[in-house]
Amino acid sequence: MNLIRCIAIVGLFSVLCSCGGNQATHERKSPEKIASDPILHALNNAVSENPNNIKFLIRRGAYLFEAGMLKKALQDAVQASEKDDRSFDAWFLRAKCLEELGQYPEALESAFYAERIKDNRAELMFLLAKLTLLTGNTIKSDQYLFKASRMAPEHSDIYLIKGMTAIAAKDTARGLRILRKGYNEDPSNKGVVRQLARTYNHAGKSDSAMIFVIAGQNYHPEDPSLLFAKGQVLSKSGFKESALYAFQSSLKFNPDYMPANRKLGEYYFKSGNLAGSKIYLEKVLEQDTALADINLMLARVYEREVQNEEAIKLYKRILSVNPEDTAAQLSLNRIYNRFPDLAPVEKQVSLEEDEKPKKATSTTLPAPSSEKAPVEAGDKKKEVPLQPEVKKEQESGKDTAGKAPVKKDSLKAAPKAPASEQDVTEDQEKQDEKTGKADKKEKDDKKEEVADDEDESDEDEGKEKKRKGLFRRK
């Protein structure tokens, strides 16, 4: 019995030692532990004493990268590449940091620059194969994978990229087979473990996904990407509180981890916790300002907190990338309508014009006026009230001498507005012309009357002479 008990204790001790050894060799330190780390302290002193030596910058950046402090590692990589733009290590570290942060186009650009300096590094070829695949260029990814497999034929990333390529081609079953083979070759490859967990979770097999997450945490217990994967599995299984705890735990080891910041920001925004969402959304935009949905959410948070100037900046940023974004344009107009002082000058002018009262364009007749106008009836003049159905005069503004006599009980139109000098002159000329025509017509009529009278007198005279001749004959 004692022998069996001793064997059991020894076996348990060996298992614990083996697990502890694996965890110790791959353990990721938290930022609090790193701050007091003597290695980091020594690297900081070396960088401050040798500011122009980029090797110390790259070493400190690589150490911070392994510790999960990606933003600070990226700062060292950028500073080193700016001091020496022909440094392969600086550009390669820069590409790795951007890839872990999820900024794939920027990471691919840095990797391309590193390739122009050295194109015989297997790790770079694997990174290029992965980034070209993530950005949608499968042909280029196959070319880089072929080069990488020739340089390192037994590397487990070969299975990772082949599996990702099959999944991208909608052949999920084949992709999972390749990934499981890669996991069997190297169970400590967190990229393979993470991809297996993500694929199984997406396929609705949460149990299988959680198995690989836990297996990966045996080698990387504090890796933020695996903690985030754990949160995704728990969220899809309905364990919301546990999922939130996993997301928050991932940020303890990497406060700049974008997927976790984004997930928490979206969750708190949808649940109405504006203060909570603001913290995480701002962290996301610190790393990538081109995310339209994050800009829109944060702008609405600012708007609800009456930080209108900050909200306007984000709405304008969205419209600078996509001028046809209706949600951003409507939100921006809403702020301008509520706070006209914040609108640009040209917008203020248009708002003032919109606020001016418009003149009524009613087609109804005016109400009868109480004013009286003189009316001619023969030789007598009366004053009668004006009516809406006032008839226009046939010849307005003319003298009575040059127009036809006015019928009894006819009405004059209401007086018009004063005309210009040119209009008065033209009216006077027309009046004189018509007056002349009337005088001429009157003279012609008189001539015709005289001629008729003369004809009548001649005719009477002829008749009288004829009658006298008859009397003489008798």
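Let's start where two helices meet: Pro224, Leu227, Phe228, Lys230, Gly231, Gln232, Leu234 and Ser235 of H14 touch Lys240, Ser242, Ala243, Ala246, Phe247, Ser249, Ser250 and Phe253 of H15. Keep in mind that this is a predicted model. Sorted by kind, the residues in this contact come out as eight nonpolar, six polar and two charged. So how do you describe such a pair? Two packed helices are described by the angle between their axes and the distance between the axes. Here H14 (residues 224-236) and H15 (residues 240-253) pack at about 170°, with axes 8 Å apart. Angles over 145 degrees count as roughly antiparallel, so that is what H14 is to H15.

Now for the nonpolar cores. The largest one has 37 residues, and Leu124, Phe126 and Leu128 touch the most other members. Helices H3, H4, H5, H6, H7, H8, H9 and H10 each supply at least two residues of this core. Which helix gives the largest share? That would be H8, with eight residues. Take a look at Phe126: beyond its neighbours within four places in sequence, it is in contact with Leu145, Ala148, Ala152, His155, Asp157, Ile158 and Ile161. Apart from this core lies another, of 30 residues, among them Leu176, Tyr183, Leu226 and Phe247.

Last stop: Asn295, which sits in helix H18 (residues 292-304). Asn295 is buried, with a relative accessible area of 2%. Its side chain reaches the backbone oxygen of Leu291 at 2.7 Å, and also makes a polar contact with the side chain of Arg317 at 3.0 Å. Not counting residues up to four places away in sequence, Asn295 touches Leu285, Thr289, Ala290, Leu314, Arg317 and Ile318.

Note on methods
Residues numbered from 1 in each chain as written. Predicted model: local features only at pLDDT ≥ 70, side-chain atom pairs only at ≥ 80, totals over all residues. Heavy atoms only, no water. Core = buried A, V, L, I, M, F, W, Y, C linked by side-chain atoms within 4.5 Å. Buried < 20%, exposed > 50% of the residue type's maximum accessible area, 1.4 Å probe, protein only. Helix = DSSP H or I, 4+ residues; strand = E, 2+ residues; numbered from the N terminus. Contact = heavy atoms within 4.5 Å. Axes fitted to C-alpha atoms, helices over the stretch in contact; angles between N-to-C directions. Parallel < 35°, antiparallel > 145°, perpendicular 65-115°, else oblique. Nonpolar A, V, L, I, M, F, W, Y, C, P; charged D, E, K, R; others polar. Polar contact = N/O pair within 3.5 Å; in protein donor to acceptor, adjacent residues only side chain to side chain.
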